[in-house]
Amino acid sequence: MANYYTDIPELKFHLNNPMMERICELKERNYRDKEEFDYAPQDYADAIDSYDKVLEITGEITGDVIAPNAEGVDAEGPHCANGRVEYASGTKQNLDAMVKAGLNGMTMPRRFGGLNFPITPYTMCAEIVAAADAGFGNIWSLQDCIETLYEFGNEDQHSRFIPRICAGETMSMDLTEPDAGSDLQSVMLKATYDEANNCWRLNGVKRFITNGDADLHLVLARSEEGTRDGRGLSMFIYDKRDGGVNVRRIENKLGIHGSPTCELVYKNAKAELCGDRKLGLIKYVMALMNGARLGIAAQSVGLSQAAYNEGLAYAKERKQFGKAIIDFPAVYDMLSIMKAKLDAGRALLYQTARYVDIYKALDDIARERKLTPEERKEQKLYAKLADSFTPLAKGMNSEYANQNAYDSIQIHGGSGFMLEYACQRIYRDARITSIYEGTTQLQTVAAIRYVTNGAYLATIRGFEAEACAPELEGLKARLKEMTDKFEASINRVKEAQNQEYQDFVARRLMEMAADCIMGHLLIQDATKAPELFSKSAHVYVNYVAAEVEKHNSFIQSVSPADLVNYK
């Protein structure tokens, strides 16, 4: 059977990035756990070997269990009866295999039963699982909600809840309501303090909750009487064992059928506060959502890989006019661009994950001791880089997943429209990635300040100073020309001094920044591993040169006065 890790050499390449040495040093606290846990790594080489072995196990389970179950899970889906969710039979098998392999609570400290994995190899596991079944990926990867509880919960909550997730229990984050989707400030689920029982009580409805019948929930609720904005919201922990929440229904969705998307009814449900009151949206949900957005970026890359695999396999075997269709320029053009988008998006995903790893590890260390001035500077740098790269990783990879899924069906022709081919399931599953955990439009809102304050431009100019292979210098020069056009577009927008105009062209500016960044990342990767990335680097730079030219031309030709024509 296929191994979804070892069959993709690009994953091992990203695992061995030089930044991982610093990440491991921070995450392992100079490998102090080796004195207490016999499975803790002794040094950097041992840590990487450990991640590699776990990734191989994940890839094996994905190939042997999750992938063969994917079509059955898509057809059966979960069921709702008496206010509870029952997973599809294949989903139960998937969960059982993952729990038996110890692949839960992966990023949690060993003292709670976790593997103490950095975010980067954990994100690789999420990509691997999603490549086989994106719906199951949702259920399994929601374990990363525990990061927020670990970061903001107290020691008592840590001791009671984290070991349960490490042992295989499931999680959900209950944010959205019928009247509060993208606008989470409008959340109205009511939280009232029960003095007699020394607990909080939750009442109201949540909608579109992924894995809504999970064992543990992180819930955004309104704790402050008379408020209507984000300052009145707090974060709560709801334990299914305490009862009080029923599943009203499971949504009938276009894709990700294995993942139950639920409408929940809270009736005096017992809960406990996570962190401080009034910081639920302002602080805790922002942290939760950033983690979730990285997760959807990983899911998107997994779907892009799956779409490419299906398209490539079909193009090799399908013959028309006496030869395999992969030999026709119209087809190999599509496949080469699919692979270039996949490689570029993956490079962006893991660059982002590495930034997150460093600042998160330093945040965690700061809870144990005071950071040195050098560490504080490092923490600040990587926190900003992670914050700026996350919306690009989520926004661009979700769009690329949709584009690759579309092209995979196109390569299949009429067969791609038939339900017996996996490409149609991948296409349906991919569509949600640019919507949930913040639409692409909301990723643009998050990214645009890094356009206007010059952060992306500074990052790209920094990449220009890095050495590359002589044969890639021409591509690098073209990227510099593209960046000059990006800078000209920024200046044009800033000179207009018109907020509506800036909002109107923001998506184009974000894409130009991402195109230039991913182009440089691919050149760096192709310098180190030309056998893996050289072709994609050439194809991608050709592709995004046209994209940047298109966006720049639009911005230079459309003025604020023209907006009236678009209304």
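Q: What percentage of the 567 residues in the protein chain is buried?
A: Buried residues make up 59% of them, where buried means under 20% relative accessible area with a 1.4 Å probe, counting protein chains only. This is a predicted model, in which local features need pLDDT of at least 70, side-chain atom pairs count only at pLDDT 80 or more, and totals for chains, interfaces and linings use all residues. Residues are numbered from 1 along each chain as its sequence is written, and side-chain values use heavy atoms, with hydrogens and water left out.

Q: What is the radius of gyration of the protein chain?
A: The protein chain has 24 Å, which agrees with the value near 24 Å for a compact globule of 567 residues; the radius is taken over C-alpha atoms, and the globule rule is 2.2 Å times the number of residues to the power 0.38. Along its principal axes the C-alpha trace spans about 70 × 55 × 55 Å.

Q: How many helices and strands?
A: The protein chain has 17 helices and 11 strands, defined as DSSP runs (H or I, at least four residues, for helices; E, at least two, for strands) numbered from the N terminus.

Q: Which residues of H15 are buried?
A: Among them are Leu 475, Lys 476, Met 482 and Phe 486.

Q: And what do the buried residues of H15 pack against?
A: They pack against helices H13 (440-452), H14 (455-464), H16 (499-528) and H17 (530-557), with contact meaning heavy atoms within 4.5 Å.

Key
Buried < 20%, exposed > 50% of the residue type's maximum accessible area, 1.4 Å probe, protein only.
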